[in-house]
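Please open the model in your viewer and keep the sequence panel beside it. The tour below goes from one selection to the next and says what is to be found at each stop.

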Amino acid sequence: MKLIVVVFIVILTNFSCNNDLPEEDSTIEPTYSKIPAPLNVAYNIIAQYAKDTGAYTQGLEIYKGRLYESTGDWKNSSLRISDWKTGKVVQKYMMGSDDIFGEGLTIFNDKIYQLTWLSNIVYVYNVNNLVKPIQTLKWPKEGWGLTNNGKELIISDGTDNLYFADPKDLAIHRTIKVVSHKGTIDSINELEFINGYIYANVYQQNYIIKIDPANGYVVAIIVLENLLKESEKVLGRTDVLNGIAYDSASATLLITGKRWPKIFEIKLN
């Protein structure tokens, strides 16, 4: 999720016919062998929309018909509202600095919660005013992805953990580890809560995992290899897959990446 190399354990190779997670080998750890293998979920591309390639996308969410986005990259970090069908940025607040790197966001009770990477700060905004935070909260870990389940904030920190925290003060209620039948899954990144499940990007991987919040088990995987064609990428600029937003009105997902020229609307089968 960052501009540095992060060691990760899940490598996109050998996606086997029995719906295993993409990994470098087929070894199954005995500790996790009773966990069912995740389903492979197919999808259809419904539409493609233009996207600002200056947006190093960290968090993405649809709220009342508008697309909210948090971007990173130090001084270029921003909070913005876009019309995703036209690609037009309607509002943008540049909140980055030498010390502030924007990360995931979620909207809860008409408030925007925006993580920062290393500064241990979560900014809280009124959903109608991006420019001035109404509150800052302390988060003791790295900030990566953020979503909510209607009661709690759900936060990733780049490890295999997901934290369920109180929106008032970020007190951690509980922690789960993200696991498949082959072991724990590291580098959990951007998050989206959809119909009782957590959908997550895994940093530097071209797939999304669906997680059961009750136990952390990966129950499904959506492989998005070659979603963005090589001819559409800009050498040295187009970065990894990152960004999941659920449109409840159409029951579709908006999928994008860091500095991608497109947002893809997909329908899961």
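**First stop: Leu253 and the cores**

Select Leu253 and show what surrounds it: leaving out residues up to four places away in sequence, Leu253 touches Ile194, Ile244, Ala245, Tyr246, Phe264, Glu265, Ile266 and Leu268, where contact means heavy atoms within 4.5 Å. A second, separate core, of 16 residues, includes Leu162, Val178, Ile209 and Ile221; a nonpolar core is a set of buried Ala, Val, Leu, Ile, Met, Phe, Trp, Tyr and Cys residues joined through side-chain atoms within 4.5 Å. Buried here means under 20% relative accessible area, exposed means over 50%, and partly exposed lies in between, with a 1.4 Å probe and protein chains only.

Now return to Leu253, which is among the residues with the most contacts inside the largest nonpolar core, together with Ile208, Leu224 and Ile255. That core has 17 residues, and β20 (218-223), β21 (241-247), β22 (252-257) and β23 (262-268) each supply at least two of its residues.

Residues are numbered from 1 along each chain as its sequence is written, and side-chain values use heavy atoms, with hydrogens and water left out.

Colour the chain by pLDDT, the predictor's confidence in each residue on a scale from 0 to 100. The protein chain averages 91, and 89% of the residues score at least 70. Residues 3-20 have a pLDDT below 50, although this stretch has 48 contacts in the model beyond near neighbours in sequence. Where pLDDT is low, the predicted coordinates should not be read in detail.

**The whole chain**

Switch to a cartoon view, in which the secondary structure comes to 0 helices and 23 strands; helices (H or I, at least four residues) and strands (E, at least two) are DSSP runs, numbered from the N terminus. Of the 269 residues, 53% count as buried. Among contacts between residues at least 6 apart in sequence, 53% join residues at least 24 apart. With a surface display, the accessible surface comes to about 11,600 Å², of which 50% belongs to carbon and sulfur atoms; the areas come from the Shrake-Rupley method with a 1.4 Å probe, and for residues only the protein chains shown count as cover.

**The aromatic rings**

Select Phe, Tyr and Trp next: how many aromatic pairs does the structure hold? There are 11, where rings (the six-membered one for Trp) pair if their centres lie within 6.5 Å, and planes under 30 degrees apart count as stacked, over 60 as edge-to-face and the rest as tilted.

Zoom to Trp74 and Trp117, whose ring centres are 5.8 Å apart with the planes at 40 degrees, so the pair is tilted. These two residues link distant parts of the chain, 43 residues apart, with Trp74 in the loop between β4 (66-71) and β5 (78-83) and Trp117 in the loop between β8 (111-116) and β9 (121-126). Trp74 is partly exposed at 28% relative accessible area, whereas Trp117 is buried at 6%.

Move on to Trp139 and Tyr163, an edge-to-face pair with 5.6 Å from centre to centre and 70 degrees between the planes. Trp139 is in the loop between β10 (135-138) and β11 (146-148), while Tyr163, 24 residues apart from it, is in strand β13 (residues 161-165). Trp139 counts as buried at 2% relative accessibility, and Tyr163 counts as buried at 5%.

**Charges over rings**

Show Arg174 with Phe164: the charged end of Arg174 sits over the ring, 3.9 Å from its centre. Likewise, the charged end of Lys210 sits over the ring of Tyr197, 4.3 Å from its centre. A charge sits over a ring if NZ of Lys or CZ of Arg is within 6 Å of the ring centre and within 35 degrees of the ring normal.

**Last stop: Asn109 and Asp110**

Finish in the loop between β7 (102-108) and β8, where Asp110 is placed and where Asn109 is also found. Asn109 is exposed at 61% relative accessible area and has a positive phi of about 55 degrees although it is not a glycine. Asp110 is partly exposed at 37% and, leaving aside neighbours within four places in sequence, is in contact with Tyr63, Lys64, Tyr125, Asn126 and Val127. The C-alpha atoms of Asp110 and Val127 are separated by 5.3 Å, although the two residues are 17 apart along the chain.

Conventions:
This is a predicted model: local features need pLDDT of at least 70, side-chain atom pairs count only at pLDDT 80 or more; totals for chains, interfaces and linings use all residues.
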